[in-house]
Amino acid sequence: MPMFAKLKKYFFIPVILIVFVGGGYFFVKSPEQPSLTEVPCAFCNATILANQKFYEDELVLALISHRPIFPGHCLIIPKRHAERFEMLTNEEMTQIGLVIKKVHQAAMQEYQSASYLLLQKNGREAGQTVPHVHFHYIPKQAHDASVLVFFIKMYWSQIKKPLSNFQMQTQCKKMQAAMHTDCADETL
Ligand SMILES: [Zn+2]
């Protein structure tokens, strides 16, 4: 068997090691870490919101992720500081659902996505790092169904350079332009 074919055959071994060992390094936190309530809240930080926010209503904000797994990766959060999903009011839950639909419409238009993931973590053991409820909206392109590619991209998003303020503000303008319909419209 030619050398290249042999290398190709065993290429999956280092990839799996990188994903699982690397994933363990990033996502398994040591018990000495402070509890989430002691961590400063990035989503109540005015500077972060100024660079990443592209939507705001009475109850909900939508932000561009500074470490996108795929282009168009957004975060939908309650305006009020609440650490976990079960701490949301019924009104906040309803409005977050409506804003997710609205973000989805805008992302499909701006990033030509075909599918999307919603990801929401509650508690350190579930991988939550920011002590403020947030839904990740992660768009996927057509024919991009590989779970392995998703995990590699998720791993890579944690080690590559985050988006610059200019890049995030550019994406905010694109999403703002696409979110022109009334969010309270339940026919969305
Ligand atoms: Zn907060």
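Predicted model: local features only at pLDDT ≥ 70, side-chain atom pairs only at ≥ 80, totals over all residues.

User: Why is β3 called mostly covered?

Analyst: A residue counts as buried with 20 or more other C-beta atoms within 10 Å of its own. Five of the five residues in β3 are buried. Cys 74, Ile 76 and Pro 78 point one way, Leu 75 and Ile 77 the other.

User: How do you know that β3 pairs with strand β2 (residues 60-64)?

Analyst: Pairing needs at least two bridges. β2 and β3 have five, in the antiparallel sense. Leu 61 stands opposite Ile 77. So the pair qualifies.

User: How many bridges join β3 to strand β5 (residues 135-140)?

Analyst: Three, and these strands also run antiparallel. Ile 76 has Phe 135 as its bridge partner in β5. Three bridges meet the requirement of at least two, so β3 and β5 pair.

User: Why is Ala 106 called buried?

Analyst: The cut-off is 20 or more other C-beta atoms within 10 Å. Ala 106 has 24, so it is buried. Ala 106 lies in helix α4 (residues 90-111). Beyond its neighbours within four places in sequence, Ala 106 is in contact with Met 175, Ala 178 and Met 179. Met 175 is 69 residues away in sequence, yet the two C-alpha atoms are 6.1 Å apart.

User: How do you know that the length of α4 agrees with a helix?

Analyst: At 1.5 Å a residue, its 22 residues should span 32 Å. The end C-alpha atoms are 31 Å apart, which agrees. After α4 comes Gln 112, with a positive phi near 50°.

User: What makes the buried residues of α4 a single face?

Analyst: The buried residues include Gln 95, Val 99, Val 103 and Ala 106. Seen down the axis, the buried residues of α4 fall within an arc of 140°, so they line one face. They pack against β1, β2, β3, β5 and α6.

User: Which residues of α6 are buried, and which are exposed on the face turned away?

Analyst: Met 168, Gln 171 and Met 175 are buried. Their arc is 65°, so they line one face of α6. The face turned away carries the exposed Phe 166, Thr 170, Lys 173 and Ala 177. The buried side of α6 packs against α3 (46-52), β1 (53-56), β2 and α4.

User: What makes up the largest nonpolar core?

Analyst: It has 26 residues. Ala 62, Leu 63, Cys 74, Ile 76, Ile 77, Val 103 and Tyr 137 touch the most other members. β2, β3, α4, β5 and α6 each supply at least two core residues. The largest share, six, comes from α4. Tyr 137 has contacts beyond four places in sequence with residues including Cys 74, Ile 76 and Val 103.

Conventions:
Residues numbered from 1 in each chain as written. Buried ≥ 20, exposed ≤ 12 C-beta atoms within 10 Å, placed from the backbone. Helix = DSSP H or I, 4+ residues; strand = E, 2+ residues; numbered from the N terminus. Contact = placed C-beta atoms within 7 Å. Core = buried A, V, L, I, M, F, W, Y, C linked by C-beta atoms within 7 Å. Arc of directions from axis to C-beta. Expected span 1.5 Å × (residues − 1).
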